[in-house]
Amino acid sequence: MKYNISKIYVIASIYLLVLLAAFLLPRQISNFNYIFLILFTCSNLILFPLKKNFISLFLMIVYFTLLQFLLPESNFLYYINDLLTIVFIVECITIAQYAKIYDSELKILKYLFLGYLLLSLAYAAFSNNYEESRFLGLMQGTNLSASVSMILLVLVWEIEKLKNKNIFLLLFLTGIFFSFIFLYKTRTLLFALPYFIYQYTKYWNVKKVIIWGGIIAIPLILYNYKNLIFENFRLAEDSSFITRFSLYSYMYENLAKSHFILPHGFNSANNLIYNYSGENNYVHNDLFKYLYDWGGIFLIYIFFIIKRIIKPFDWNMAFILLLVLANSFHNMLFSVYIWIPFTIILLINKSGNPFIPKGNIPVVPNL
C-alpha cells in the first residue's frame, strides 16, 4: 500500500533531526545558525513553490539591496542573513495558509516532540549540564533551549486539542512547564503563563475563581517563597535590568533621531551598542534592532505578520504570539528553531480543515 507523506511533515522531520544534532554538535548550535537558516529557507522554497513566496523574495531583494548600496554602515554578510530571515518568515506564514498534513502525522509529531521534552528533563539530572546553576538544555544554551521547550510544549497541546483535549495531558504539560521555569531560570518563560491559564479557562467556567484565587494566593506565595522566587528568576540581580534599561534608553534616543523610519543598514544596531558599551554586546531587543537596521519597512513587516496570524482575533493565538514575540529579548525573534514549530501551530489553527485523513495529497496551486 502506497503511503504519501505531506510536505510539512518532511520539514518537521528535518527540524527534529536538527534538534537532535544540536545535542551532538561539539559547539552550541547557534554557531551554525547560517547553515540551518539556508537549509530551511531553501527547503521551503523547493517544497512550497508558491508565487507569493517568490514575489516576497523579489521585493525584499530589491529593498535590501538598495539599503546595502546606499548605506555605508551595512555589512554584506548581515545583508544576506537578514534577507534570508525575512524571506523565511514570509514563507512560514504563507505555508501555514496553504499546506496540508495527515492526521496520523500530527499524532506522530505529538509523541516525538513530547519525547524530546521528556528527554530534556532526563538530561537535567546530570550536574555537568549546568552553567551558573542554570540548565543548558539539549540545545547547549539556556535561552535557546528554554524557548524551544516552550514552543514545543504549546505545539504538543495544540495538536492534542484537535481531537481529545485530555485534561491529564494538560496537567502533565503544565508540570513540565513549571519544571523548566526552575531549571532554566529564564524570566521570559513567564510569557507562556497566560497561554496555560487560558487553556484551563476553556475547560471550566472558573474565571472568577482564578482571578480571586490569584488575588489571595499570589501575595501569600510571594511572602512565603520570595527568596526562592528571587533566586530562580534572578530578580535580585538588578544588574541585568539596569543594563537592559540603559541599552533600551540609548536605542530609543537614536531611533527618535531617525524618526523611527529611517534605516541605518544591516548590523548597525549591534555596532551602535558596541560603540556605546565598549563590549561585544547585542541590543537584547530584536524589535529595536530591526527597526534601527531596516527602518520603517520593519513596522510594515510586523503589521503584516500580526494581521496574517490573528485574523480574526483569537485569544489563543494572541497568547501564543506573545510567547513568540518574547524571544525578541534573547535575539531569537525570527529563529528557525522557533518558527518551524510555530508554523505547524499556525497550520492547525487556520480556518478550514488543514488535514488529509486519507487519499492523495491535493496539489497546492501556485497562488
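Which residues does Leu193 touch, not counting residues up to four places away in sequence? I looked this up first. Leu193 touches Phe177 and Phe178.

**Entry: the model.** I am working from a predicted model. I counted 15 helices and 2 strands in the protein chain. The chain has 367 residues, and 50% of them count as buried. I then looked at contacts between residues at least 6 apart in sequence. Of these, 76% join residues at least 24 apart.

**Entry: Leu193.** I placed Leu193 in helix H8. Its relative accessibility is 29%, so I log Leu193 as partly exposed. I also checked Leu193 against Leu323. The two are 130 residues apart in sequence, yet their C-alpha atoms lie 9.0 Å apart in space.

**Entry: H8 and H14.** That pair sent me to the helices. H8 covers residues 193–201 and H14 covers residues 315–325. I read an angle of about 160° between them, with the axes 8 Å apart. The angle is over 145, so H8 is roughly antiparallel to H14. I noted the crossing of H8 and H14 as left-handed.

Which residues of H8 and H14 meet? On the H8 side I list Pro194, Tyr195, Tyr198 and Gln199. On the H14 side I list Trp315, Asn316, Phe319, Ile320 and Leu322. I sorted the residues of this contact of H8 with H14 into 7 nonpolar, 2 polar and no charged.

**Entry: how covered is H14?** I find H14 mostly covered, with 8 of its 11 residues buried. The buried residues of H14 are Asn316, Met317, Ala318, Phe319, Ile320, Leu321, Leu323 and Val324. What do the buried residues of H14 pack against? I see H6, H8, helix H13 (297–309) and helix H15 (336–349).

**Entry: H5 and H6.** H5 spans residues 103–123 and H6 spans residues 142–161. Their angle is about 145°, and the axes are 9 Å apart. I noted a left-handed crossing for H5 and H6.

From H5, the contact takes in Leu106, Leu109, Lys110, Phe113, Leu114, Tyr116 and Leu117. From H6, I list Val148, Ser149, Leu152, Leu153, Leu155, Val156, Ile159 and Glu160. How do the residues of the contact of H5 with H6 divide? I get 12 nonpolar, 1 polar and 2 charged.

**Entry: the core.** I looked for the largest nonpolar core and found 112 residues in it. Those with the most contacts inside this core are Val148, Leu152, Phe334, Tyr337, Trp339 and Phe342. Val148 and Leu152 are also on my list for H6 meeting H5.

Leaving aside neighbours within four places in sequence, Val148 is in contact with Tyr15, Leu19, Tyr116, Met139, Tyr337 and Ile338. Tyr337 is itself among the residues with the most contacts inside the core. As background, nonpolar side chains tend to be buried together in soluble globular proteins.

**Entry: Lys289.** Last, I checked a lysine. Is Lys289 buried or exposed? Lys289 has 7% relative accessibility; buried means under 20%, so Lys289 counts as buried. I placed Lys289 in helix H12, residues 286–294. Not counting residues up to four places away in sequence, Lys289 touches Ala269, Asn270 and Val283.

Technical notes: Residues numbered from 1 in each chain as written. Predicted model: local features only at pLDDT ≥ 70, side-chain atom pairs only at ≥ 80, totals over all residues. Heavy atoms only, no water. Axes fitted to C-alpha atoms, helices over the stretch in contact; angles between N-to-C directions. Helix = DSSP H or I, 4+ residues; strand = E, 2+ residues; numbered from the N terminus. Parallel < 35°, antiparallel > 145°, perpendicular 65-115°, else oblique. Left-handed = near helix turned anticlockwise from the far one by under 90°. Contact = heavy atoms within 4.5 Å. Nonpolar A, V, L, I, M, F, W, Y, C, P; charged D, E, K, R; others polar. Core = buried A, V, L, I, M, F, W, Y, C linked by side-chain atoms within 4.5 Å. Buried < 20%, exposed > 50% of the residue type's maximum accessible area, 1.4 Å probe, protein only.
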